[in-house]
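This note concerns the side-chain contacts of the structure shown below. Please read the points alongside the sequence and the model.

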Amino acid sequence: MKDIMNMNVKKIAFGAAVVFFTNFAFAQTVQDGINSIDSDKFAQAKTNFTNMIAKEPNAENYFYLGNTFLKQVEPDFAAATENFNKGIAADSKSYLNKIGLAAVKLGKGDKNAIAEIQKVVTDSREKDAEVLFRAAEALTLFEKNNSPDLAIQFLNKAIERAQRKEVPAHYYYTLGDAYRLKRMPGDAMTAYEKALPLAKNKASVYTRIGSLWMAAQQWQQAKTNIEKAIATDPSYAPAYKVMAAYDIRYQQNAKATQDLINYTKYADEDPYTQLEIAKLYFTNEDYANSKQVLDKIFDKINDPIKFKLRAYQLYADGKYAEAKQNMDSFTSQAEKSRIQPADQGLQGLIAAGLAKTETDAAKKTALTTEAQQKIAIAKAAKDETMKWDMELAKIAGGGASQANADAGPTNPVIEGLKQKVAANAQDTDSLFKLATAYQEVKNWGGAIQTWQKMSTLLPDWAPAYYSLGYSYQQAGNNDAAKIAYEKYIATVKPAEVEANKQTLAYAYFAVAYLSKDSDVAKAKDYVAKSVQLDPTYQDAVKLNAEINK
């Protein structure tokens with residue numbers, strides 16, 4: 001999902017703050033909690049600040065606990081508000097908790113909160129670097145609701161105040177975040193580089209730098225810095241999350257799975273962190289692990305995004321009615337600003353799935369129209385969360401569900417290979433043998449499912465797409481077959497063309513044949529390429545003559 005894949009500042013750049021109390025041991029405890037937040041150990045941070053409140057229920061401690069709920073990957077606005085209000089009750093003049101309450105409003109989309117934050121800073125007379133910092137942080141926390149210009153102004157003042165002692169590294173982190181929101185990567189990088197010599201955990205800085213390079217699509221620099229982060233501190237969980245996003249971007253799904261295993265190992269069991277893990281597994285097309293994690297924490301979290309993730313999982317299983325129920329729960333409960341074009345695209349695919357089995361003509365027409373309109377929204381937004389055309393083709397043609405595969409022909413060889421794959425989903429040798437065995441017994445649903453898994457694990461291995469196209473064609477799903485053949489053609493490397501001439505010739509012919517009634521220009525182009533690759537291929541020669549009369 002795009003909102004799952006968007007490695008925005010909120011998700012990878014967690015600000016940190018140190019309050020300089022006279023009691024050194026107490027200050028150290030604050031820093032422990034802040035370090036936990038920065039390491040995606042939110043449950044640990046909450047325990048830390050809760051214990052501090054038990055010892056001393058003052059306004060500052062309530063703020064830090066409330067702010068932990070704001071800074072987790074999916075904010076818990078209710079829990080944050082509860083703690084900020086307790087902070088106000090402890091000290092009605094608490095600038096930090098007033099900023100916290102305004103930040104909740106901003107996170108929910110109320111832009112008036114920006115003026116409220118500005119007023120708190122004015123009321124504080126801008127004397128306290130911590131108040132300036134927290135105001136700036138609040139103005140950079142939310143991807144869609146922020147004010148980077150004002151944040152930069154406050155941060156520069158906070159840095160100026162802090163220079164009397166030492167500027168904390170996190171002041172520069174947040175300055176970098178603000179510049180990122182302004183799409184000024186050069187200034188953001190400068191801010192992060194200033195943080196590097198000041199940071200006690202340099203993995204934190206390298207991870208931010210790596211994610212900034214990713215945002216700029218400078219992939220090698222991104223990889224280099226993420227690797228530096230992991231080498232500096234192999235237990236720093238956020239580095240693995242950013243590395244997983246990098247590997248998903250390059251379709252290195254097996255490696256991304258290992259990154260997520262490491263992220264899970266070094267983060268903690270906070271339900272909202274586990275929700276993020278479930279989303280990342282889904283993005284990596286690891287549906288089994290995604291479902292396992294979500295099932296474990298579903299009843300422990302209140303955020304409606306859990307319904308969206310479950311809807312995606314149910315859609316992947318072909319359970320369209322249940323998927324619709326969950327998407328309806330998400331859209332009715334979530335803030336409207338959180339509903340993405342991809343969500344409407346998913347609703348469109350679900351409608352298409354429901355339309356296929358709808359017997360009432362009027363309802364079928366309405367569902368089909370809804371599907372077209374909502375998928376058009378996702379495509380117009382250039383959303384690439386899902387392969388919209390392929391998904392539609394799969395629904396229209398059928399034959400690609402797990403139920404269809406299970407209902408098809410089988411034999412002892414297939415059952416044995418299924419057990420091997422179940423024991424090790426990354427076993428590409430067994431997957432190849434299983435897909436081939438399915439083809440031999442003409443279980444095209446099983447072949448389709450298995451070749452899809454192969455192409456996910458080995459996205460640069462062109463033969464998987466060719467075999468997927470062949471299986472779809474045999475199953476009678478010509479639209480999906482055409483898309484798969486085109487993916488095969490695009491994946492064959494120039495150096496491999498000579499060795500794959502005959503297979504390429506058939507792929508070009510197949511696309512031409514399947515396109516001749518809907519796109520004559522494309523059919524002519526593709527059949528000409530087929531004949532060029534193999535002039536002896538009679539089917540292509542005949543089709544070329546027919547469509548060029």
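Is Glu82 buried, partly exposed or exposed? Glu82 is partly exposed, with a relative accessible area of 44%.

1. Basis of the note. The model is predicted: local features need pLDDT of at least 70, side-chain atom pairs count only at pLDDT 80 or more, and totals for chains, interfaces and linings use all residues. Residues are numbered from 1 along each chain as its sequence is written, and side-chain values use heavy atoms, with hydrogens and water left out.

2. Glu82 and its partner. Glu82 forms a salt bridge with Lys86, with 3.4 Å between the closest N and O atoms. A salt bridge here is a side-chain nitrogen of Lys or Arg within 4 Å of a carboxyl oxygen of Asp or Glu. The two residues, Glu82 and Lys86, are four residues apart in helix H6 (residues 77–90), so about one helical turn separates them. Helices are DSSP runs (H or I, at least four residues), numbered from the N terminus. Lys86 is partly exposed, at 36% relative accessibility. Buried means under 20% relative accessible area, exposed over 50% and partly exposed in between, with a 1.4 Å probe and protein chains only.

3. A second bridge within a helix. In helix H14 (residues 219–232), Lys223 and Glu227 are four residues apart, about one helical turn. Their side chains meet in a salt bridge of 2.6 Å, N to O. Lys223 is partly exposed at 24% relative accessibility, and Glu227 is partly exposed at 37%.

4. The structure holds 26 salt bridges. One of them joins Lys71 and Glu137, at 2.9 Å from N to O. Because Lys71 lies in helix H5 (residues 59–71) and Glu137 in helix H9 (residues 129–138), the pair ties together parts that are 66 residues apart in sequence. Both Lys71 and Glu137 are buried. These two residues also belong to a network of salt bridges that links Lys71, Glu130, Arg134 and Glu137.

5. Aromatic pairs. A search of the whole structure finds 21 aromatic pairs. Rings of Phe, Tyr and Trp (its six-membered ring) pair if their centres lie within 6.5 Å; planes under 30 degrees apart count as stacked, over 60 as edge-to-face and the rest as tilted. The rings of Trp444 and Tyr470 have centres 5.8 Å apart and planes at 80°, so this pair is edge-to-face. Trp444 lies in helix H27 (residues 444–457) and Tyr470 in helix H28 (residues 462–474), so the contact ties together parts that are 26 residues apart in sequence. Trp444 is buried, at 13% relative accessible area, whereas Tyr470 is partly exposed at 31%.

6. Tyr506 and Phe509 form a tilted aromatic pair, 6.0 Å centre to centre with 50° between the planes. Both lie in helix H30 (residues 501–515), three residues apart, about one turn of the helix. Tyr506 is partly exposed at 21% relative accessibility, while Phe509 is buried at 10%. One aromatic cluster is formed by Tyr466, Tyr485, Tyr488, Tyr506, Phe509, Tyr513 and Tyr537.

7. Charges over rings. The charged end of Lys516 sits over the ring of Tyr513, 4.9 Å from its centre. Lys487 lies over the face of Tyr465, at 5.6 Å from the ring centre. The criterion is NZ of Lys or CZ of Arg within 6 Å of the ring centre and within 35 degrees of the ring normal.
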